[in-house]
Amino acid sequence: MVNSLLFVLLFLGAFSHLDTLEKEEEFHSILQVKKTYSLYDSFDYTIIEEKHIKVLDEDGLDQTFTSLFYDKLIQVKDFQLDVIDPETGKTIEKARLRDMTDVAIISNTSIFEDNRRKYYRLKTRKYPVEVKVRTETYHKTNYYFPAWNPVDFLHQKVTEATLEIIYPYSVGIRFKEQNLQGQKVQEKTKDGRERITWEEFDFPILDTDFDKKSLRQILIAPHLFSMEGHEGSMEDWNGFAAWQFELNKGRGELPEEFKSEILTLVEGIDDPYEKVSLLYDFLQQNFRYVSIQLGIGGWQTMTAGDVVKYSYGDCKGLTNLMKSMLEVVGIPSNYTLVYAGVDVDDIELDLPSNQFNHVILQVPTENNPIWLECTSNLLPAGFLGEFTKNRHVLVIQEGVDI
């Protein structure tokens, strides 16, 4: 497959025009960068990034730091770093993929995860130097694309940044441009695919007080996508919700003995809220939260039966179990996606895409719905903390609301 692909790898020019750049603001390095996304008919893609960095001082050296995340769905294919003495033009240091340090990314709450990263930290003490870095990663699913934002560090001068996306028309992409000031060119490649190129110049130098809303960036999302054989469409929120619904379909079955226990718990209780509250308390007292991030397991819930068997689950598993328990007693509820975090921005409503990192449960009522944070063992039924309240959510049901 790779041999048939067209990769456009026009490396950025030398720094001759930067040598006269006056240092009117504080910056420690000067960057030119190009990133190329190449998408395939099989719903996978590569990202190739080429950086040319002029390091001016010791703080600028930190701005050459390279870190590449990988897991079951992402592979690190290539890393090349060359350090050049600008006075002689000679390469004085090299590093390749085998020279990178490989470490696990371990959270305090996860026992099942495959998140790792490779990183390389340059140690030269000669300034100025020019550093060329090339990285390539392979992504097995186009379910998610990293946003394009070339400014990675404070006090770094980004003079030129190029984004190129090459994709089959049959698969398609969508994007949202924010604060762009350069030019965009759309054309066909020699093999008949679509190519869009953005070029931006002279980014503002960021300090600790920068306004995130002023950043020049491009948010990218698929049209059609697939993850481990599960295909879907993100053209609108209904398509995204339908894919999530199908991904979890049939994973709510409970053991008959456990169903009987649930029915016994609510025996003689007629008030729906009291039933919800009682079962929610039962969940909190008997099941613990454990993060599980393995391939498609980052999006597909454990079965409710497995959560019962092991007495633990992540946000998806615990929410799915609570939903199944409510179904046993005749109360409908909806698995709900949310972007969680304190003081986080709301999602981009006009770009349906994977912008969520957490799952909660909605229990519809005649008035306001009851919201359940199924990973908490402290919150009462109907209460959400700062982590999830006051933001848009995607309610997953056979019809969809946002």
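H4 passes H6 in a right-handed crossing; a crossing is right-handed if the near helix is turned clockwise from the far one by less than a right angle, and left-handed if anticlockwise. The model before you is predicted: local features need pLDDT of at least 70 and side-chain atom pairs count only at pLDDT 80 or more, while totals for chains, interfaces and linings use all residues. Residues are numbered from 1 along each chain as its sequence is written, and side-chain values use heavy atoms, with hydrogens and water left out.

The elements I name are DSSP runs numbered from the N terminus, helices being H or I of at least four residues and strands E of at least two. The axes of H4 and H6 are 10 Å apart, and the two helices pack at an angle of about 140 degrees. Here axes are lines fitted to C-alpha atoms, for helices over the stretch in contact, and angles run from 0 to 180 degrees between N-to-C directions. H4 and H6 are therefore oblique to each other; angles under 35 degrees count as roughly parallel, over 145 as roughly antiparallel, 65 to 115 as roughly perpendicular and the rest as oblique.

Which residues of H4 and H6 make the contact? H4 contributes Val276, Leu279, Tyr280, Phe282 and Leu283, and H6 contributes Leu318, Leu321, Met322, Met325 and Leu326, where contact means heavy atoms within 4.5 Å. By class, the contact of H4 with H6 has ten nonpolar, no polar and no charged residues. In this scheme Ala, Val, Leu, Ile, Met, Phe, Trp, Tyr, Cys and Pro count as nonpolar, Asp, Glu, Lys and Arg as charged, and the others, Gly among them, as polar.

Let us turn to H3. The axes of H3, residues 256-265, and H4, residues 272-286, come within 10 Å and cross at roughly 130 degrees, so H3 and H4 are oblique to each other. This crossing too is right-handed, H3 passing H4. Phe258, Glu261, Ile262 and Leu265 in H3 meet Leu278, Leu279 and Phe282 in H4. That contact of H3 with H4 divides into six nonpolar residues, no polar and one charged.

H3 also packs against H6, at an angle of about 70 degrees and with the axes 9 Å apart. H3 and H6 are therefore roughly perpendicular to each other, and their crossing is right-handed. From H3 come Phe258, Lys259, Ile262 and Leu263, and from H6 Leu321, Met325 and Val328.

Finally, the backbone. A cis peptide bond, with omega about -5 degrees, joins Tyr127 and Pro128. Phe43, although not a glycine, has a positive phi of about 70 degrees.
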